[in-house]
Structure formats: C-alpha cells, structure tokens
Amino acid sequence: MSQADTTTAITTGGPGGIDDRKNAAIRYVFFSCAFVTVLTTLGIILVLVQGSLEFFQHVSIVEYLTGTEWSPVIRPHSYGVLPLIWGTLVVTVGSALVAIPVGTATAIYLSEYASPRFRKIVKPTLEILAGIPTIVYGFFALSFITPLLQQLFPRTGTFNAVAGALVVGIMIIPMVSSLSEDAMSAVPDDLRNAAYGLGATKFEVSTGVVVPASLSGVIASYILALSRAIGETMAVTLAVGMHPQISFDPLEPMQTMTAYMVQIGISDVSIGSIGYQSLFAVGLTLFAMTLSMNLISLWIKSRYREEYQ
Amino acid sequence: MPTEPIADRAVDRSRRRVLLGAAGATLAGLAGCIARGYESDLEGEIRMDGSNTVLPHGAVVSEEFQWRNNRVQIPVRGSGTGAGFQRFCDGETHVQNASRPIFDDGGEDEGALCTANGIEYVELETALDGLAVFVHPDNDWCDCLTVDELARIWETGSDVERWSGVREGWPDEEIELYGRDPASGTFDYFTENITGEVGNIRSDYSASADTNVIVRGVRGSQYALGFGGAGYYYENEDELELVGVDNGEGCIEPTKATIESGDYEPLTRPLYTYFRADALAREEVRSFARFYFEEIDGEATEADIVEPGESLTWTQWAARRVGYYAIPDDQIDDRRETLAGAIAEVTE
C-alpha cells in the first residue's frame, strides 16, 4: 500500500491527476480479478456443502467415515468412504515414494552440482513433464507400465495401483525438483563457504548444510506435490481402475476418490439419487483433504522459514 | 526489367484463380447448406434424448428423415436412459430413446413423474441388441456358460472367486470380473435376466460406465470375464473370445442369426423409442414416428446391410447399420398398429 502511494506521488505530482484515476481503475481491475477468484471458491464450497448435506440426510456421517464398504449404487448399498480414501492414499504414498527421492536428488544436483548453463537447459526440460496432459500419463501407464509389471509379476491386473502411483509420481517430480531447487538456490553462499572452510566435502555441504537450511521450502514442495497427487484424476481413472477395496496388494485394482467421481459423473445416474449426491460428499472430503494439506504447507513454510542476513 | 511486369501478371493471374476457386467453393458449400436434402411441407423441431446405447440408432433414423424433410430439425442428445426419462417426463423432449422400459410400477419413479406432469407416451420396440459375455483369447477352457453358472458368478454375495469354483477342472485362478455400472440399461438387463432381479449383483467387480474399459480389462488378463453389448465384441474380435450362453437349449453365441431369430436367450434385449402422445398431434412428429416403420427407399438399399430379397423398414435398417439387430418382420405390423392407435387418440 505504501509503495503504491509513493508511486502515485512520483508519477502524478499531485492529487486528482489523470494517472491517479488510471491507478484507481487498475486497482479496480485487479481487485475484481481477485474477487472473482474468491467468489468462485466460495461457490464451489457452497455447492459441495449443499450437495453433501442432502447426502448426509440419508447416510450417517459415522457410517460414511468408518464404513469399509463403498457401494452407493449397487445393492446392498453401503456408504463407507474408507476404500476410496485407501485407494487415494495408496496412490499418493506410492507416488511420493517415486517423486520425493528423485525430485530431491534432482534439486540437489541442479542447485549444487550442475553448471548454470546446464541448469538453464535441464530445469525447463523437467518442467515439460508437468505440462503433459494427465490422460497421456494414464495411457502410458496402461499401455507401457502395466505390461512391464505383468512381465515382472504375472498376477498384476490390467488396472492396478502400482502403475497409477508410478505415473503420478513421475508427473509430480517437476513440482518437487523445481520448487526445492528454488529453495536451495536461495541458501546464501556464506553458509556453504563456512562449511567448506571447516573442511566439508561438496556432498557434506549439500546434505548437511543446504538441505537443512532450505528445509521449509523443500517440505512445502513435497506437500504441494502430494496434494496434486491426491487430486490427480485422469491418470488414476485409466490406470488404477474402478474397484473400491481396501487391499494391501498394490498390484490389485482399486479406486481413488477422483476416479469414483469420474465414474459417477459420466454414468447415467439420475440427478437427486443417493449415488448422485455421494458425488458431492466425496468431493467435499477430497476438498477437505487437499485444503488441509495446503494449510499444513503454509504453516511449515512460516514455522521453519530461515531468515538470512 | 522487361521480365518484371510479366512475372507480376503471372502472380496476379494465379492469385485471381485462387480467389475464384475459393469463392466457388464457398458458394458450393453455402448451396450445400441451404439445399441439403429435400423440401417437404413439414417443418418444426423434434427434440430427442435418452440412452447413449440407442443414440446412434435414433441419430441414423432422424438423419434419414431430415434428409427427406429438410425443414424439420431433430437435435439428438444422449443424456442416458434415466436422465433422458427425467427430461422426457418433464416435457422437455418429444422422443426418448431407452435401453430399458420406463420404470413405472406405482412407486416414486419415472412413470410417476410422467403421470404427475400429465405426459402420456407410446412405447415402441425399435431394435434388438445382444449382450455378450466375453473372455481373453488365451482362455482355452471356458467357451460356454449356463445361465445358472453365470448367475452363481454374478449374484449378490457370490462365493465364486476362482474359475475352479465355476466348474470342476477349470484353473484354480481368481476370476477378474468386469461389467457395466449400475446406472446403465445394460446393467439392469443383465442383472435381471441372469440373476433374476435388477441390481442383484456382487459388489466386488470392476464397474464401468464405458464398455471400452471393460474390453480393455478383459483383454489384459487371461483370467478375466466381462459382459457388454455384443457390438463391442465384434469391434474387438481379435482380442476377445465370445462365451456362448446355454439356456437349456445348448450353447448359443450372439450372432445376427441367433439374435434376430430370438434364439440367443436370455441376453437378447429390446431397445425402445418412446414418443410423447401430445407431440404426435403435430404432423412432423407423427410422420417421423411413422417413418421408423416405413420401408427403406432405393437410396438406402445399396448398402450391404440389406440382404437380397429382404425389405426392411427404416428402424430395422438403422439397427443393422449401427451394429444392432433388426426386430423381426412379423413385429413390424404390431408396431404400426400400436403407433396408429396412439396417433388416432390424439388426433381425433
């Protein structure tokens, strides 16, 4: 605010000038953009809550949150969301196992080892991974990863959680590597030089100084990437399948919350039926999960931020 | 210097030719738009919605009808049988395609909605579809299942987990099951005719709204079993194997012959077209409805879906053209009578 005021003062040289009005107009434009965004978010929340309320008039929240069978459209009806949460978590944890080590190592390499020129080429290249449409990842999983898995483990189903987790993991590597690299590059060289002065090797500097010093940014990147994995839809719909179950065998088909929403969304369920309403309940649950992840990420960022200089 | 003007003129001429060509093409295109099909004295809009399964059939019939009556507009949508009935009974559409009959057994259902809104309708069977049961090509043990075996595999709470549980001597491997999701007419028809009641099905199969997903699942595993419209089998013949169904008369596979003759039981299902009674008071709707049961004309016979000596009506022709099966000839007259009755009621 104060900065805006000084700018105004400098450019107009007095109140009530043309530039002043221009500034006010620009401020309105920006404000209305922000307003539309906030309004959209509120609208989405409202729709989700309203639809869920209708659902919870027929189904008890306790049954919904603790039941281990999910079959809202097949009799006998059961409305336990745990199998869907389970499928989502298996994919999320699996993708984290791929993305976190690979992404972090890539970030360390890019920030500490790679030459600036090489970094300039590799970083955007990696980010292309994030630009590939997710349905392409889904087909990649179905037509490449799953057949490969079937050769290694013959009992692998056409639809299975491993293939889904692998592609989602690959998909979110750029989020981890790019954001972590930003955080690591921001660590001041003084810290590195002090460690070198004590006789540390490059590896010791990277893992013992740079990573801890940039931890808040690194962890925030993990959490952002994971909320992306939780919300990922097309790839898991194609690769993981439509079989809600709590299974400890990741080679079996499962169903994520997003995949369920796709299934009901494109099916012929009539509007107003419980199956249709369950869409909102699952959507709300998903929203609550990603929202809390984002809040945790914000909290970590502010709690563990290191201030230099 | 002297070459320049000549070059210029050459460019000019060729450019003019391109322009002329483009203008000609545009005119031809416009003319095509304006005079597509034949004029008739019919005019109006007939809104059609309903089953995705029946949509291609309805679209083909309406396309032919619009070609012959080019001032009639028939937008066709595929919201699904259930959602379509809701719109139909709300009075939003005039024609409803359905892959199952309307739910009307006195409860709070589609029929009640129609009654509440004062919508009367006429139900016409317009095509046949076969549901196929299929397995992986490497499945060399299962080429036929009895209805009873299918029921034991699919019913609610089924304890059949492995192929060996279906018949002795079959592999001791888990069956992977794929099928349509509960919101589809295919699901309703399959469960009703195999397990005896709509919706009577085990909950641990992979349910999909998209038959292509079912096909993908089955062709990916030697131990899979799936069901879906027979057309999907014929589109993927190399990657799937048909399973015959034995309803006490021996093993029968879904083919044109067995489906149109009614031998492929119980998985031959009728597909329906519903006309709103009050819409039939409009001449263009009436004539569209009759068109279904009129004989095809010379323009349509050249296609190889018509066998020599056969005379098909548009609905039969359209059914075969989009991969379904024709209702038997002897039912055509019944349909015409039903329709004539409904028309008589609103026009008198």
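**Helix packing and interfaces in a predicted model**

In chain B of this predicted model, helix α2(B) contributes B:His57, B:Val60, B:Val61, B:Glu64 and B:Arg68 to a contact with helix α12(B), which in turn supplies B:Trp314, B:Thr315, B:Trp317, B:Ala318, B:Ala319 and B:Arg321. Helix α2 spans residues 55-68 of chain B and helix α12 spans residues 314-321 of chain B; their axes come within 8 Å and cross at roughly 125 degrees. The pair α2(B) and α12(B) is therefore oblique, and the crossing of α2(B) past α12(B) is right-handed.

Helix α8 of chain A (residues 189-197) packs with helix α9 of chain A (residues 202-213) at an angle of about 140 degrees, and the two axes are 10 Å apart. That angle makes α8(A) oblique to α9(A). Here, too, the helices pass in a right-handed crossing. On the α8(A) side the contact involves A:Leu191, A:Arg192, A:Ala195 and A:Tyr196, which meet A:Lys202, A:Val205, A:Val209, A:Val210 and A:Ala213 of α9(A). Seven nonpolar and two charged residues make up the contact of α8(A) with α9(A), with no polar residue taking part.

The area buried between domain 1 and domain 2 of chain B is about 1100 Å², with 49% of it on carbon and sulfur atoms. Which residues of domain 1 of chain B lose the most area to domain 2? They are B:Asp129, B:Arg320 and B:Tyr325, and together these account for 48% of what the domain 1 side buries.

The last interface to consider is the one between the chains. In this interface, 22 residues of chain A are in contact with 30 residues of chain B. Chain A and chain B bury about 2000 Å² between them, and 55% of that area lies on carbon and sulfur atoms. On the chain A side, the residues that lose the most area to chain B are A:Ile74, A:Arg75 and A:Asp268, which together make up 31% of what chain A buries there.

Definitions and conventions
Residues numbered from 1 in each chain as written. Chains lettered and ligands numbered in written order. Predicted model: local features only at pLDDT ≥ 70, side-chain atom pairs only at ≥ 80, totals over all residues. Heavy atoms only, no water. Axes fitted to C-alpha atoms, helices over the stretch in contact; angles between N-to-C directions. Helix = DSSP H or I, 4+ residues; strand = E, 2+ residues; numbered from the N terminus. Parallel < 35°, antiparallel > 145°, perpendicular 65-115°, else oblique. Left-handed = near helix turned anticlockwise from the far one by under 90°. Contact = heavy atoms within 4.5 Å. Buried area = accessible area lost by both parts, 1.4 Å probe. Nonpolar A, V, L, I, M, F, W, Y, C, P; charged D, E, K, R; others polar.
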